[in-house]
Amino acid sequence: MSAYRFEEQHTPPPARQVTDVAVERFEHIFEVDPKLMTVHVAQQLFPNWDTLRIAASRGDHLEWMHRHWAAEAVSGQKLLDELDAGDGDR
Amino acid sequence: MTITGTAPQLSDRVLAELTDALGGEYVLTSKTARYNRARVPAPFPVHRWRERVPDLVVLPGSAEQVAEVVRIANAHRIPIVPRDGGTGLTDGAVPERRGIVVDVKRLDDIKEIDLDNRTCTVGTGINMLKLNEVLGAHGLIYPDDPASYPCSLVGGRIGTSGWSLVGSRFGHTRDLVLSFELVLPTGKLIRVGDGGGRKVSKSSSGYQLKHLFMGHQGTLGIATEATLKLYPKPEAEFSPFWAFPDFDSAYRCVGELARAGVATFAGAVLFDEWKVDYLRRDDEAYIPQPADVRALVCAVAYGNDDEVRAGGRRLLRIARDAGARYLGDEISHGDWAARHDRYATPLHGRTPAGQVAPMSWHCEDAAINYTNLPAVRREWHSIVARLRDKHPIFDDWGMFFYTSADTGVDYLTEIDVGIWEQELDDAAWAAWVDAKRDIAAVALNHGGSISACHGSCREGEVDLVPLELGGGYDVMLQVKRALDPNNIMNPGKYGLQRAYEEAP
């Protein structure tokens with residue numbers, strides 16, 4: 001466990017422009033480009049750990065929802081690979 | 001007889017009678033209790049919110065208490081509005097003429113789980129997700145799955161005749177509710193089903209009253225208990241998402257998927273270019289997609305593992321032959337799981353200059369046959385484009401088309417519109433109501449129904465309900481007046497006040 005450092009937590013990683021309307025600071029976590037939020041909305045200040053917590057929590061929720069509805073989520077990629085290999089055309 | 005105007009000031013006598021019936025702690029008069037029950041997530045003239053605040057809220061704990069509250073309201077001619085989850089999209093739970101809101105959330109008990117007949121009997125204040133947590137321990141599921149799955153209640157699903165995301169496999173609320181108990185506007189408690197018998201799924205005895213008392217938006221009574229049809233909890237779920245370079249090829253693909261006759265098929269959805277553009281703004285699955293992803297299709301299957309895999313191979317083969325590109329397991333699994341809970345989406349739109357503005361999600365839906373989807377899509381987008389030209393507080397968030405049945409005959413057709421509600425004024429609201437009426441007219445012109453899912457009793461589209469139903473609307477008026485002689489049950493909805501107007 002690493003120690004909590006206020007300054008460190010309030011210094012987000014540099015933003016990578018992903019599209020003309022979105023940036024990425026943490027892997028697979030996209031944010032609306034801040035330059036689009038300058039007139040009508042104010043951005044909240046998020047410590048890094050909270051951004052990561054929200055994203056992880058969303059992932060947990062979706063996993064829970066799969067288990068709630070069925071014992072297993074079937075992989076489309078595996079079925080597609082079988083089809084492409086000619087094993088699934090029967 | 002003409003009954004008009006707002007509710008009378010509730011007298012001390014009425015309060016005393018309600019308190020005697022329920023106990024003081026379940027008769028709520030505070031601003032907090034009333035303001036929280038003044039609206040639903042439907043389009044709403046926020047600048048006029050004070051017009052729809054109820055006079056008081058009651059929380060009955062039994063069907064007998066609900067009946068007593070209704071009898072008191074009927075005796076004093078006070079409007080009464082049932083409220084379940086308050087997640088409906090057509091104002092059913094909104095107290096348009098103030099009065100008493102009956103919040104049924106205390107009726108949330110599971111009274112029986114019948115493992116042999118595969119049914120359960122519940123209070124209508126229970127939520128489907130919470131019910132399924134209990135049923136899951138028995139290997140069972142109640143597969144009524146609205147986009148509000150975590151927060152809507154069984155009673156609201158009855159009152160609105162809800163549409164389910166997996167309805168193409170398991171049926172919709174009307175198919176899954178075997179029978180239910182309800183309190184009529186006079187306070188009489190009855191049970192309706194498919195004929196008699198609490199657990200009968202098909203009867204040919206008498207009128208089919210179950211359907212009459214579903215989808216009435218609270219105008220004919222308050223459901224208090226329901227007996228539900230249960231299924232084995234699925235062993236497997238399959239939810240592939242595919243990308244297409246254009247709408248037309250995606251449209252052809254979704255039609256072929258829906259017509260394929262796969263037994264485990266639970267639904268297929270088509271998302272158009274506007275929807276993809278919207279998703280590219282702030283949906284993590286679609287922001288990184290290449291520019292040639294212009295339309296999306298999703299299919300869903302549930303059932304036994306071997307059957308889902310066999311059906312899944314067939315669906316994949318159809319999509320592959322139609323030129324689809326599979327978006328991968330991560331997007332397919334994640335996006336499908338998120339669809340059980342669409343009331344938690346980011347709610348911000350864009351001004352014409354591209355700036356982010358806080359907007360609420362609003363959606364107009366219709367039931368449209370497959371062959372008419374392209375034309376309806378063009379006309380609906382044109383309507384919203386004209387609206388945005390005049391009032392930039394509206395934003396077109398795209399359309400989707402979702403199978404309602406297992407044959408692909410008709411689709412829940414929806415256009416999502418962001419509304420910057422804080423900027424609404426009378427002129428913008430009037431333009432919105434006109435647009436809604438135009439959207440409904442397009443649905444009717446193409447042989448559809450104004451709503452597959454949400455209902456059709458809001459300003460705008462409600463004007464066209466008599467046109468849609470024809471002579472059936474006259475029967476609605478007669479039924480309303482016969483069952484609710486004093487027009488106390490959710491007055492103001494569906495234009496039913498006409499039932500009480502004297503003929504010229």
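Select strand 6 (residues 119-123) and strand 10 (residues 222-229) of chain B: 5 bridges join them, and they run antiparallel. Strands here are DSSP E runs of at least two residues and helices are H or I runs of at least four, numbered from the N terminus. Strands pair if DSSP finds at least two bridges between them. This is a predicted model: local features need pLDDT of at least 70, side-chain atom pairs count only at pLDDT 80 or more, and totals for chains, interfaces and linings use all residues. Residues are numbered from 1 along each chain as its sequence is written, while chains are lettered from A and ligands numbered from 1 in the order in which they are written.

Zoom in on B:Thr121. Opposite stands B:Thr227 in strand 10 of chain B.

Now widen to the sheet. The open sheet has 5 strands in the order 5-6-10-8-9 (chain B), with antiparallel pairing. Strand 5 (110-114) and strand 9 (189-193) of chain B are the edges, each pairing on one side only. Neighbouring strands of this sheet are turned by 15° against each other on average, direction ignored.

Show the whole of chain B. Chain B holds 16 helices and 21 strands. Its radius of gyration (over C-alpha atoms) is 23 Å, close to the 23 Å from the globule rule (2.2 Å times the number of residues to the power 0.38) for 504 residues, so chain B is as compact as a globular protein of that length. The C-alpha trace of chain B spans about 70 × 60 × 45 Å along its principal axes.

Next, the contact between the chains. Chain B gives 37 residues and chain A gives 29, where contact means C-beta atoms, placed from the backbone, within 7 Å. On the side of chain B that touches chain A, helix 11 of chain B supplies the largest share, 8 residues.

Select strand 4 (residues 72-73) of chain A with strand 12 of chain B. They run parallel, joined by 2 bridges. The partner of A:Ala73 is B:Glu237.

Finish on helix 2 (residues 48-69) of chain A and helix 12 (residues 329-339) of chain B. They pack at about 80°, axes 9 Å apart. These two helices are therefore roughly perpendicular, a term for angles of 65 to 115 degrees. Pick A:Leu62, A:Met65 and A:His66 on helix 2 of chain A, then B:His333, B:Gly334, B:Ala337 and B:Ala338 on helix 12 of chain B: these make the contact.

Notes. Axes are lines fitted to C-alpha atoms, for helices over the stretch in contact, and angles run from 0 to 180 degrees between N-to-C directions. Angles under 35 degrees count as roughly parallel, over 145 as roughly antiparallel, 65 to 115 as roughly perpendicular and the rest as oblique. Two residues are in contact if their C-beta atoms, placed from the backbone, lie within 7 Å.
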